[in-house]
Amino acid sequence: MARVKTFALCEEKPSERIWFPVLRHCWRQSFYSPAMETSPTEPTQIDRLSGLPDALLLTIFSLLPTCVAARTSVLSRRFKHLWKACPTVNLSFYKPNTSFEAMANGALLSRLPSNPLLRLHLFIGPAFSGVPDSFVSSLLTHAHSLGLHHLTFINYEDIQSIVRTIFSISSLESLSIFSLDTFSEITLPSATPLAHLRSLFIKNRVSSVQVEQLLLELCCLDHLQLTHLVQSTAATVKLSSLTVKKLEVFAFSRFERGTCFVGLFMPSLEFLYLSKRYNGPVPYIDADIPLLRKSIISLDCLYPEHVAAVAQLLNCISHVEELRLDLKERSEYPFCNLLEPCKEAPAFPNLKHLDARMCFHDHNFEAVVSLLHRSPALQSLKLVHKVADEFDSMTGEKRKMYDWRSTLPRNVNGNYQHAYFNNLHLKKNNDEFMMLLNKSSTPKKLKAHY
C-alpha cells in the first residue's frame, strides 16, 4: 500500500486524469465478456493487454506523462516495474508535494544503465521555485550518464544557473530550453561538448555574439530555432553554419535604436522562417543560401521605413519554390509593403507556390501583380486580404479613413477577401489567372508615403 500511495500523490494535469481509468477499464475488459456469464463452459477470454509485447507497452508508456505511466504498476506483477524501463521520462511538477522526490527517484535517479534514457521532458512550475538547483542538476547529470539524446527543459523562473549543466550533456541530439519568463536573457557557455547536437531551440533572449560562437562549435546542427535574437553590438550579426538546413528566428532586437543587419552564410539551408512582432526592427539581410526551397516571412507592425529591408529580404530569397508572406502594416495611409518606390519587382524564376496575406489595397495589389508577372513557374496562388486588428475596432468616420477596400477580384463566394488559383501550369486554368494579372485597379486619392 505504501507504493500505491506514493504514486497516487504524484502531481498531474487535470486533463491527464482520464488515462488511468481508461487503462483500468481496458484491463477489466480484457478478462470480462457477457458470454462468460451465459456460457461458463466456453474457454476463458484472451487477456489482450497482457498479450502485448513489452516493446509495444513501453511505446505506449512513452506517450503518457510518467506520473500516469507509474500508476499502471498496480495492475499486475508484470506491470510493477515495467514503466521504469520506458525510454521516455516526462516529469511535470506544478505544485509541491511529498511525492516530488519519490517520483524523481523512481523515474530517473534509480534507473540503471541497463535501461538507457532517450528522452527527458522536465517542467518545473512556479510553485517549485524553491527547489535547489543542485537537485535539478543531479537529475540532469544522471540523465547524461544514461545516454540522454533528447532534452526539453522548461522552468518558470530564470534558468541561467542550470544552463552550464545542460550544455555539458555531450550525448544530446536535440535540445529545447526556455523559461516562462521570456524577457530573461541567458548566457551560453563559451565552449560546449555537443558534438552530436542536431536540433537546438532556445526560447529566451540570447545575444547574437554568443549564437555566432555556438554555431562554430556545433558541427552537426540541422535545425536552429531562436525566439529572440539580441544584436548586442553595432556590428552585423553573422550567422554562419555549413550544416543547418532549417532556420527559424522569431524576433530581432537591439540594445540601441538603429538599423539591424544580419548576414546569413548557410549553404545547406533549405527552410527559412523569419518573424517580426510588435515594434521590433526588420533586419537588412545579406544571405548566401543557394539551396533555399521554402520560406515563411511573417512581419507585424510594418511602417514605411521598413520597406527597404523587406525588399532586400525578397531579393535574397528570390530562388525559393514555396513562399508565404504574412504582412501587417501600421500607418496612417496605405503604402506598398513589398517594393520600394520606382523599383522593379524581384524575379522568382523557381516559385511554384505563393501564399500572400496582407491588406490588398491598390499599392500592395499592384506590387503583387508585378511579382506574379516575374514568376513563370507558378502552379498555385493564394491571396488573402487582411486588415490590421486595430482597424477592425474603429467605427464611424475614423474607420472610413482606415478601412481600405480590397482590390482582389470577386471570388465564387461573391466577396473580395480571398482569391485561390490551382494548377496554373495547365493552360486551361490560365484564363482566370490572367484576369487577375490584367485587372486594373483604380488609384485612390490617398497621400503617398514618399
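Trainee: What share of the protein's contacts with a separation of 6 or more comes from residues 24 or more positions apart?

Mentor: This is a predicted model, in which local features need pLDDT of at least 70, side-chain atom pairs count only at pLDDT 80 or more, and totals for chains, interfaces and linings use all residues. Residues are numbered from 1 along each chain as its sequence is written, and side-chain values use heavy atoms, without hydrogens and water. A contact means heavy atoms within 4.5 Å. For residues 24 or more positions apart, the share is 68%.

Trainee: Which residues have the most contacts inside the largest nonpolar core?

Mentor: Such a core is a set of buried Ala, Val, Leu, Ile, Met, Phe, Trp, Tyr and Cys residues joined through side-chain atoms within 4.5 Å. Buried means under 20% relative accessible area, exposed over 50%, and partly exposed in between, with a 1.4 Å probe and protein chains only. The largest core has 112 residues, and those with the most contacts inside it are Ile317 and Leu338.

Trainee: Which helix gives the most to this core?

Mentor: Helices (H or I, at least four residues) and strands (E, at least two) are DSSP runs, numbered from the N terminus. The protein has 14 helices and 18 strands. With six residues, the helix that gives the most is H11, residues 362-373.

Trainee: In E11, which residue is the bridge partner of Val237?

Mentor: Val237 and Leu239 form the covered face of strand E8, while Lys238 and Ser240 form the uncovered one. Strands pair if DSSP finds at least two bridges between them; four join E8 to E11, and the two run parallel. The partner of Val237 in E11 is Val262.
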